[in-house]
Amino acid sequence: MSKNPIERLQETLLRGDKKLAALVFSERNRRYFTHFPATDGALLITAEQAYLLMDFRYEEAARYQAEFCEVVGFQDLNGKLNELLQKHGVKRVYLEIDQLSVAQARRFQASFSSIGAEAVLDEKLDGVIRQQRMIKSRSEVKKIEAAQEITDAAFQHILPFIKEGVTERELALEIEFFMRKNGAENVAFDLIVAAGKNGSQCHAVPSSNPVKKGDFVTMDTGALLDGYHSDMTRTVALGKVSDEQRQVYETVLQAHLAVIDGLKPGILCCDVDKIARDMIDEKYPGTFGHGLGHGVGFEIHESPRFSSLDTTPCAEGMVITDEPGIYVPAKYGVRIEDMLLVTSNGCRSLTKSPKELMEL
């Protein structure tokens, strides 16, 4: 039976030592560990038990929804933490410091010191959480796939709407409406729809720009479902494209497919990036200016990254996007993106939408 997220952290960080504990403070990681969303609170994990500390605003809802932990109400957070630390005889508390202010850190230090415990303010807890979140469990993969099913359906839904005169903003709103109507709790990020020359801006904001005959339309979309994200990009054309456009599209597609063929456990993330980058730079140097991909799951951008700077070895259970692109300034852009799950002997795409060039 697979371990839940809290058990995995207890095993890798605390290792049964009753004198150690971890304090998770950030909203995103509290939800990752307990499956409960709240804008405030704390998660204390000891070797024996995990406690989700919630104030009056969230306490009742947390008792119904939170998993893998005991919900504890509080009026004074530091006082309740000290009570629990003394109960378990904890002497060292690892703090999640990525989003912890200096003032907050000093308050925890002073509070814990008053009961003879040490606040550990190095990056160990953040690093352990980052490593854990890179490797998705089977249940996490299923949640990502469920979010992607909505995204794939939205792509099929939007195709008949892509007609001459429709604006980027209208298409983005229709996609978002469809996703929410079909079960998504939200979109995974601010959706990107870019037509014609706006497609050369890889993170273009949907505008009143109307789609015209011969335009490429790039749609970078994703759904948020049960806390997990999906991320997919497809580029389609309205009407026939030029030979130049077709060649650009085919170059991006071949680079995208080459990554799928080359990705396997052990290969460095920077070397995966190089597979696509070399193919594009050979024909269109300087047109692929962003990294090839990023981890995706509980957040839309997670570690690791397919980047020339990331030397992380790929490992079974990672979910990383494969999104090469070519951007021709003031003319058009093409990007194709799947989410890839690293398997024991290669990878599997979690994205089902067709990626061959569509001329609508």
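This is a predicted model: local features need pLDDT of at least 70, side-chain atom pairs count only at pLDDT 80 or more; totals for chains, interfaces and linings use all residues.
Residues are numbered from 1 along each chain as its sequence is written, and side-chain values use heavy atoms, with hydrogens and water left out.

Strand β10 (residues 223-225) and β11 pair in the antiparallel sense over 2 bridges, where strands are DSSP runs of E of at least two residues, helices are runs of H or I of at least four, and both are numbered from the N terminus; two strands are taken to pair if DSSP finds at least two bridges between them. Within this pairing, Leu-225 stands opposite Tyr-228 in β11. The two strands belong to an open sheet of 3 strands in the order β7-β10-β11, with antiparallel pairing. Because β7 (186-187) and β11 (228-229) each have a single partner strand, one side of each is left without a neighbour in the sheet.

A further open sheet, of 6 strands, has the order β4-β3-β2-β1-β5-β6 and mixed pairing. Its edges are formed by β4 (70-73) and β6 (118-120), each with a single partner strand, so one side of each lacks a neighbour in the sheet. The twist averages 25° from one strand to the next, with axes fitted as lines to C-alpha atoms (for helices over the stretch in contact) and angles running from 0 to 180 degrees between N-to-C directions. Strand β3 (residues 50-54) pairs with β4 in the parallel sense over 4 bridges, and Leu-53 stands opposite Val-72 in β4. Helix α3 (residues 56-65) lies across β3 and β4, running at about 155° to β4, while helix α6 (residues 124-134) packs on the sheet and touches β1 (20-24) and β5 (92-95), its direction making about 60° with that of β5; contact here means heavy atoms within 4.5 Å.

Helix α9 (residues 243-262) has 20 residues and reaches 28 Å from its first C-alpha to its last, close to the 28 Å expected at 1.5 Å a residue, the expected span being 1.5 Å times one less than the number of residues. Among the buried residues of α9 are Val-248, Tyr-249, Val-252 and His-256, buried meaning under 20% relative accessible area with a 1.4 Å probe and protein chains only.

Definitions and conventions:
Buried means under 20% relative accessible area, exposed over 50%, partly exposed in between (1.4 Å probe, protein chains only).
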